[in-house]
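Hi there,

Here is the structure I promised to send over. Have a look at it first, and then read my notes below.

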Amino acid sequence: MYKNSGPRHAVLEHLQRHGPDTVAGLAAALHVVPVTMRTHVRALQEQGLVHSWSEHGRVGRPRQHFA
């Protein structure tokens, strides 16, 4: 069993209820800054609980989506 904090459980619950989202979307929904959300998402990815993929738009960096 993985040991995760309350905020990381909130990330998992949000993704289960609302589907895939970006770091910016998750941060806004859970009222934290994007830097903090990246830390949570990275830890969940390392545990195999969240996966990601990139979406390329017309310009700029690809958007990273998490599910």
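Val-50 sits in the loop between H3 and strand S2 (52-55); helices (H or I, at least four residues) and strands (E, at least two) are DSSP runs, numbered from the N terminus. This is a predicted model, in which local features need pLDDT of at least 70, side-chain atom pairs count only at pLDDT 80 or more, and totals for chains, interfaces and linings use all residues. Residues are numbered from 1 along each chain as its sequence is written, and side-chain values use heavy atoms, with hydrogens and water left out.

Val-50 is buried, at a relative accessible area of 6% (buried means under 20%, exposed over 50%, partly exposed in between, with a 1.4 Å probe and protein chains only). Leaving aside neighbours within four places in sequence, Val-50 is in contact (heavy atoms within 4.5 Å) with Leu-12, Leu-15, Leu-44, Gln-45, Phe-66 and Ala-67. Leu-12 is 38 residues away along the chain, yet its C-alpha lies 7.9 Å from that of Val-50.

After H3 comes Gly-48, with a positive phi near 80 degrees.

Happy to talk it through!

Best wishes
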